[in-house]
Amino acid sequence: MRPHLLREHLEAVGSLAEEFAPREDMKVPALATGRWHDLGKYRRHFQFRIRKENGFEAHLENVDASTDRDHATAGALWALGVDRGLLPVAMAIAGHHGGLSDLEKFKERVGRPEKKALLQEALTPGIPEDLRVPPAGLSIAPLLKLPPHRLEFWTRMLFSSLCDADFLDTEAFFDATRGTERRVGVTLEQLATSLRAFMDKKQSGAPDTEVNRVRREVLSAVLATAPSPPGVFSLTVPTGGGKTLASMAFALEHARAHGLRRVIVAIPYTSIIEQSTAVYREAFGAHGSAVIEHHSAVDPLRETAHNRVASENWDAPVVVTTTVQLLESLFANRPSACRKLHNIAHSVIVLDEAQTLPPALLTTILDGLGTLVEDYGCSVVICTATQPALGRRPDFPMGFPAVRELVPPEVRAFERLRRVKVQWPKGREKTSYAELAEAVARERDVLAVVHRRDDARGLYEQVEALLGNPGTTLHLSALMCPEHRSSVLARIKALKQRGEPVRLVATQLVEAGVDLDFRVVYRSMAGLEALAQAAGRCNREGLLEGLGELRVFEAETEPPRGVLQTALGVARTMLTQRPDLDLFAPESFKRYFERLYATAVSDGKGIQDMRKALRFEAVSEHFKLVEDTWSAPVVVPYAGCEPLLDALRKLGPSRDRLRALQRFTVTVPRKVREAWVSRELARFVADTVVFLGPEHGPAYDEKFGLVPTRVGILDPGVLIPG
């Protein structure tokens, strides 16, 4: 194999970074960043070590191993030496392996005498003169006038361009086949053509029902709006209104109209991602491979080589991912997470189920998305049946300046697709779980959604006792592993196909993208978006002769503290003021979210101040849509898990084996997992914690999953989501 000369690598990375830079004022800085990022490798000791590792004879003198590995600081110092204003360039170079650091840490690093010596050592053997010369026009002085948050984001994009260029040039040398796996050769034009043909065929063969008429009108409206100037749009469509394909149709046509590069669909739940990806691939037909699915639960048995490599940097026409993956990547600091940022620029971003955005992070989320729109040529589509109020107003200054709705009011989609009537509770009068159990037992096709896992377990047992026929009631909660939950869902569908009674008791987990359909749904009083999600599991397919029934009740218990209790309080206040509140009217959600956001601390962690101070590491640590510092996964002994554990024991961890085991995991508080390990209720298998349970009996139940009280050391009051 011909050596990959350092000079060739620097020039190649510089050219790629310049190509990837998503703004014109970033092109020359990106070129310089790529050319200078590995200047430290010109150090004599580093060159000797490389030669020795590659089989050449070389005398490796004694040197401090920690400084011998540091080849990034020299390039950062060189950039600062050229112009102190090149701080973003220097920080990107310094972090291209370890990640963007906080400004104070960066200053301390480059200020140490031993680090300054690294540049001198690199200069001594002779960095080629043409690499030392700054590229023509290198200056970021105009950028220093940008607001701090936008300069911070500019630095992130520069860093992304460098990291991806570095990865790809190195990959091309060591494994050229991966480059061929990245390319699919499908354009947005081809995808738009395939989707139009699919939709035309689908509509021509569909019966002329009200649902299909609404879907046609929604599609026609979004296509008519597609040529509109880029910006922020909302797509407010009720369940069953065809928003999955309508949003993609708009995104493709809008991208074509304005020369955008890709469509990114962000969805909060992996179950919906899998459903949506399947729909898109079917619609695109022969071009379905252009869609990549990027989330932690992708089935390794069906993941293609293209999907695997394209997920690294989102170099694909259509990306379907989680909301967490998209938004946390915008504020990450590690190279692997940041590689994709430059490919997010000049995209249409569809935020599905956008009502799930956490209020406590809204200031940073909206600022980041707004910057993508204003500075990086993106359009954002806020897509949901329960539209959050994200437009700017006097009491919500962080909102988007303008949000354009794609579906005009005259379509009257919510009125025409109404499939459920709502029975509201009588004031604050509580319904006991004994009363609720009797009501559930009387129904043949019913879902009951309660606040807490203990509530669900207790209600289930009461319903079973009333029926006197164990096994006719079903249960779902997050203390059941995904494989277990899938088994229950399959059983529900089988029972319904046979026309047998189905009574399901569940936590709010069942509202997260689970495709279920019941005649009657009982839901404990909660925020309006949660109630609407529960209603989406009632007469979902519109097959009943009349309307389904959502019966809202005031439960004996309250939801967990935090945003869920706040949302409940807002909904109660609105219902008190308007007892005939229309749960399905867009105006109801507008008022609801305005009040909810007004009560929330939208930047309680002070992330915006961290961004202003260029504290990249701190921002990455604190910007978490899902807090995982207190929780940890354990593998549970559910049927089908043992062969995977055997492979893990014998062959060790691998990406595919660990991903397959995720189907058998449950999340518990981290301190509880540690206690289980210390008491030998769980053990490590190749860095994966496997739950064993107590000696006196299994704590993993075939009905309920993990049962805290049977373990003895997990306080039943400790909350685990869902």
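How many cavities of 30 Å³ or more does a search of the whole structure find? The search finds 1. By cavity I mean a set of points, on a 1 Å grid over the protein atoms alone, where a 1.4 Å probe fits but cannot get out.

Before the details, the ground rules. This is a predicted model, where local features need pLDDT of at least 70 and side-chain atom pairs count only at pLDDT 80 or more, while totals for chains, interfaces and linings use all residues. Residues are numbered from 1 along each chain as its sequence is written, and side-chain values use heavy atoms, with hydrogens and water left out.

Volume here is the space filled by probe spheres set on the grid points, which are joined across faces, edges and corners. Lining residues have an atom within 4 Å of a point. Among them are Lys243, Thr244, Ser247, Asp352 and Cys383. Helix H14 (243-258), strand S2 (262-267), helix H15 (270-284) and strand S5 (347-352) each give two or more residues. H14 gives the most, with 3. Helices (H or I, at least four residues) and strands (E, at least two) are DSSP runs, numbered from the N terminus. By class, the lining has 5 nonpolar, 3 polar and 2 charged residues. Tyr and Cys count as nonpolar in this scheme, and Asp and Lys as charged.

Now the sheet. It is open, with 7 strands in the order S3-S4-S2-S5-S6-S1-S7, and the pairing is parallel. S3 (291-294) and S7 stand at the edges with a single partner strand each, so one side of each is left without a neighbour in the sheet. Two strands pair if DSSP finds at least two bridges between them. S2 and S5 pair in the parallel sense over 5 bridges. Ala266 stands opposite Leu351 in S5.

Last, two backbone points. Arg412 is partly exposed, with a relative accessible area of 40%. Leu614 also has a positive phi, near 55 degrees, and is a residue other than glycine. Leu614 is found in the loop between helix H28 (607-612) and helix H29 (616-622). Is Leu614 buried or exposed? Buried, at 13% relative accessible area. The cut-offs: buried is under 20%, exposed is over 50%, partly exposed is in between, with a 1.4 Å probe and protein chains only.

Conventions
On a 1 Å grid over the protein atoms alone, a cavity is a set of points where a 1.4 Å probe fits but cannot get out, and a pocket is an open set with protein on both sides within 12 Å along at least five of seven lines; lining residues have an atom within 4 Å of a point.
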